[in-house]
Amino acid sequence: MHKLNVVILFSLFSTLAQASAPKALDRWTVLMTLVSKEMKILENAKHKGPELKYRMLELHSERLKLLHEKNNKDFMEKSKTANVSKNKESFFQETREYYQYTKQFGNQLLKEYPDARRRAEVLFAMALNSRDYGRDNITEKYLLETIFLVKDPHHSLRHHAETALADFYYNEKRFQDAISYYEKVITKTEDEWLPKHYFNLSWCYLKVREFDKAIKAIRDSYALSKIRQYVNINDQVLDNIGSFYVYAGRPLEGLEFYLKNEKDPIPYLMPMAKKTSEKGHEKETEEILEATQKLVDKNDWFQYQEELFHSYLDFYRHYNRFSDHEQTSRSMVAYYKKAETDKKLKLKTDLKEDSIEKMRTLAGFLQVKLAKNMKEDGGSYKEQEMTIVLNFFNHLIALDPSHKVEYLYFRGETFYSVRRFLDAAPAYIDCVNEAKLVKNDDYSHKALNSLLSLTGMEVIEKTLNTKYLVFAYSEHIGIWPRDEKSELIYPKLFEIYRQAGLDEKASIVLRAYNKSYPEHLTEQQTLMTKVLDLFIDRKETKKLASWIHEFKSGFLSFSKETIEKTEITLGNMLFLEYQALAKQGNKAAAAKGFESIYENPLYTAKVKSQSAFFAALTYLELSETEKSYHWQVLAFESMTLEERMSKRDEQLKMTERTYKLQDFVTSFKMSGFFLKQFCSLKDDIQNRFYEVAVMTALVEENAEGAENVIRLHSNCLKKPESRENALAQLYSFFEKTGDFRGLRLHVHRYPSEEFKNQYRFTLQKWYWERSSLNLKEQIRQEFKALKNPEVMVWLKEIEDYKNADKLLSELKNETIWEQLVFDGEAYNKALENHLLKVQSFKQNYQHLTSSTQTDLAILSTRMFSSLYLNLGEKISNIKPKGMDAETLKDFSAAMKQVGGQFLGVSRQFDSQLVKALKEKETLAWGSRSIASVEQIENPVFSFFTGLTMDKSRED
Amino acid sequence: MKSITFLFLLLLLASCSSSRIDRKIDDVALDSLADETYLRWGEGRLKKNAKSEYEVIGCYQGETTKTLKSFKNEYLSKNQTPYYWLHIGNCYFIKENWSKAEFFYRMTMEETKEKTIKSIALNNLGLIHFKYEQWEKGKELLLESMKIAPKFKVPRYNISQLYLQFGLFDKAIEVLNDSAFKGHKDIDVNFSLANAYLYKGDLKTSASYFQMIPRDSFHREDIAATYALFLIKNGKIKEAKEVMDDRERSGVLELTTISQKIEKMIALRLKEE
């Protein structure tokens, strides 16, 4: 199964490999195919002699090479994806096996044909196979045997064997052995690889510290490489010759060589400078670098500048020339900046990361050094070193802004390490701010911890220290609202703010604390109370109001009692100012003040209701009753049910005071308003509001308003008699104002026996007192409608009186005797008839004089008095025509006697009436008719002539 | 245009009409009730002699609205003073706002414990009831007023007016002859007695009281009307006419009606002559 996987993987890999490099694979396949084909042919040969077998050894070697190539390729490919170094040998299993096979084949050949012509060649092939694919260390031995077998020093096989042996020794670091063979090899000037052999020889000399020979050999190699017949290895030579000079202790000669021989020696000068530096030639290194810089500058070879900077950095770092290092770093910052801003220059920036790393490493090193020195030197440090470190961080920030936070932190740490705390703190703050910006929690944490540690040392002036502490605390809770340290910070930060009087900030902290640690509610409530105390101390009413809103919406779960207490405190604070104004007499300003509190949207309903109520009270004190009512209503609207209930006594008093201030209209509105609000309570206050409402309406002659109150709000009363009283007042009102229609409607609407009784007497009074015939007729109709027996009698009497009055006129106008001739019998008859009429009148109407209708009784009595007066006068004054004087005298005397009797009756009526009126002091309208002069009523009317009083004489 | 003129006249008449008779007396010697009422104080007297405060006087000087406002504004400082509510009531009385006047008189009754002030309030309330034609109730109040403060003259005078109005002349004379009015020169007291004797038919005594009334006062419509009747009774029709012609019209409807009747009668009598 594993094998299958390998096959599959291999196939897959092959496909991919084909896609990427088909030619290479093709070449290997072709070669392998060719080897195999030829091998097959040779193997199939019937007679296999040493020549043929040697060829077969060559083919085996070739196949070995191809297999190794394949194994190596597989190994390399695998190395790309996994660490296979430990299993390396397993990749070359095929190579090893085939090597053994080839080796056996060669040994067999040597054994079969010990004297064969090709023996040396077989040994050479086996030596190289062992060198390249084997692990049996037979290379040297077989090569030496080869050399031994080939006696001819000019034989190419011998040259190849010597070259291979020289290389072998070189690789085995047996430089002296190698030198002896290379020196032979280089004598074969026809070898195209001659420069290579010189080059290897030069290395061998170098290794055995024969520097002059080494330099000569390498310079020869350089010179030979320039000759076309040889392979040019000048790149290798140039890469190494500088080092040769350095090793030889003559680096400036190397510099000279390069400058002299190469048009562009810079690629070789920088490694040489490095090497020179490493070998301790500081001065020379500097010269090489300066020469290099000159070349760059002279030729505008900016492509080398970046690398050259690095060479400088390495150089300065090597010799601890930190200031120079920093200067170069500064130049590099400028360089990279230029590269970024001026793209046309195409300045290389490939090594920027390396530059950063170098600066960073050095800055770190120096920082540690600084701290170390500080400790060792008892608290002193070199200012210049400090500056260098800080500059490095600046350069790093410029070059590597993505790690700015880190450098800022290090800057803070640097200051801290040298106890420059005043500089450290702002540096940490910068770091925190940057960390927040780039969301780097790690550095936020570090910097804040450092800052906390620093502030905890209390080495900075107190105010400044507090400032930094506040920063650290604030940022800490801001970044990690729920964190072990933050949990401790909240109360501390709160306390700092509170002590500084920064209530807003303190409350913000508290809010955050509550949000993150709701489980610490009790502590938070305590803290909040402190803030509130602060507000109260400073009379910060708006803030207090704002918090009450918060509490009401549930913040910190304060109890209802606490909130209410706070509201009351707030109210007291708010009102104090205006109450003082009012006390000073400036009530108008006080009222306006209360209004302003009410209108401020910041304040709670409770405060609003209180302020509106105070406004109402103040306006009332200003006698501005309408405004007072307006504010009273607003206050009421803002009150809770409980508050409304608690204010009822005051509301009543204010309503009463309103009418005492002569504003009955507003008092009526107020009483109606409150009556309606608390109808269901049915208590004494309700009763009083009811009474006030009815009373004020009637004072304003608003009968409809009073009636509405009775009709709509009588169900709000505790005592039903209040309704009866109100109805009686309304009745009285209609009666006083003489409003027949109103009274009639009232009695019909509220038909109590009491009203009905009173009603008929009122109507009776009006009937006789009022002159309006229309009203009289209406009253008569109403009497009829009442269907009361007594009233029916009254009606009959009125009717009788009317008839009597009419008949009285007729009787009074009737002449007893007016015949031209006196006839005694006829006269007696006429007199009798008249007297009978009077008699009849008396019989019909005398009952009217004892009517219960006082006016009617008076008028009727007066009527009879008038009737008998008229009768008496008429009889007394009869002077019949055609009667002689004597008879007339006797007749007149007799008639006067008769008439006198009637006049006496008339007087009797009058005196009886006057006596009755006097005795009873009757104040009936009818009596006025008696008290007339020339039938003219008395112009004295008690109301018109009466006087009101203002004072007593004692005043 | 015609209708507009008519309307204007109506308005003018309406504005002139009053419920009461203006009886200002400038000479304090003729006002024996001066120390109880300002009602008859003329402008000059008010300005010179009134001891009372502005609020009281202001009402009698025709500034009722302003004065009432002033009372209102001084509520806090004065509502406990004895006369505060009474004077407000009087101001409304002068303003002819009877229901409010009545209300404040009743307030006075409720608020004060002083008998004299109660008596004053009762007197004024009595008068209000006369306005309502509640004679008996008015009388009761006046009697109560007199009972509480027997030395007051005004309630006596007022009840005499009630007696006169309802023909109880002897009662009126009895009240006005009380020692309270002894040696007085009061115009209204003398007029009331003249009136009472006239209506009683005692022309001689009536004449004696008419003689005590200053000539200027005969312009007052109630006095003029009564005196004209006196003259008529004495057969002095022309003189009666002169008196009626010289009268100052009160604007009181009831009085105007009586005056018109008298004038009519005078005209008839003159025609008969």
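Of the 273 residues of chain B in this predicted model, 48% count as buried. Chain B is built with 16 helices and zero strands. Take its contacts with a separation of 6 or more, and residues 24 or more positions apart make up 50% of them.

Now for how the two chains meet. On the chain B side, 65 residues are in contact with 39 residues of chain A. Sorted by class, that side of chain B comes out at 33 nonpolar, 16 polar and 16 charged residues.

Helix pairs come next, with one example from each chain. Two packed helices are described by the angle between their axes and the distance between the axes. In chain B, helix 12 (residues 187–200) and helix 13 (residues 203–211) have axes that come within 7 Å and cross at roughly 165 degrees. An angle over 145 degrees counts as roughly antiparallel, so that is the label for helix 12 and helix 13 of chain B. Their crossing is left-handed. On the helix 12 side of chain B the contact is made by N190(B), L193(B), A194(B), Y197(B) and L198(B), and these meet L203(B), T205(B), S206(B), Y209(B) and F210(B) in helix 13 of chain B. Class by class, this contact holds seven nonpolar residues, three polar ones and no charged ones.

The chain A example is helix 25 (residues 503–516) with helix 26 (residues 521–538), whose axes come within 10 Å and cross at roughly 165 degrees. Helix 25 and helix 26 of chain A are therefore roughly antiparallel too, and helix 25 of chain A goes past helix 26 of chain A in a left-handed crossing. From helix 25 of chain A, the residues involved are D503(A), A506(A), S507(A), L510(A), Y513(A) and N514(A); across from them in helix 26 of chain A sit Q524(A), L527(A), M528(A), V531(A), L534(A) and F535(A). The tally for this contact is eight nonpolar, three polar and one charged residues. An α-helix has 3.6 residues a turn, so residues three or four places apart point the same way.

Further along chain A, helix 36 (residues 703–713) has A706(A), E707(A), V709(A), I710(A) and H713(A) as its buried residues. The cover over these buried residues includes helix 34 (664–677), helix 35 (684–699) and helix 37 (721–737) of chain A.

The largest one has 161 residues, and C431(A) and A616(A) touch the most other members. Setting aside neighbours within four places in sequence, A616(A) is in contact with S628(A), W631(A), Q632(A), A635(A) and M654(A). Another core, of 160 residues, lies apart from the largest one; among its members are L763(A) and V940(A) from chain A, along with L162(B) and V175(B) from chain B.

Conventions. Residues are numbered from 1 along each chain as its sequence is written. Chains are lettered from A and ligands numbered from 1 in the order in which they are written. This is a predicted model: local features need pLDDT of at least 70, side-chain atom pairs count only at pLDDT 80 or more; totals for chains, interfaces and linings use all residues. Two residues are in contact if their C-beta atoms, placed from the backbone, lie within 7 Å. Ala, Val, Leu, Ile, Met, Phe, Trp, Tyr, Cys and Pro count as nonpolar, Asp, Glu, Lys and Arg as charged, and the others, Gly among them, as polar. Helices (H or I, at least four residues) and strands (E, at least two) are DSSP runs, numbered from the N terminus. A residue is buried if 20 or more other C-beta atoms lie within 10 Å of its own, exposed if 12 or fewer, and partly exposed in between; C-beta atoms are placed from the backbone. Axes are lines fitted to C-alpha atoms, for helices over the stretch in contact, and angles run from 0 to 180 degrees between N-to-C directions. Angles under 35 degrees count as roughly parallel, over 145 as roughly antiparallel, 65 to 115 as roughly perpendicular and the rest as oblique. A crossing is left-handed if the near helix is turned anticlockwise from the far one by less than a right angle, and right-handed if clockwise. A nonpolar core is a set of buried Ala, Val, Leu, Ile, Met, Phe, Trp, Tyr and Cys residues joined through C-beta atoms within 7 Å.
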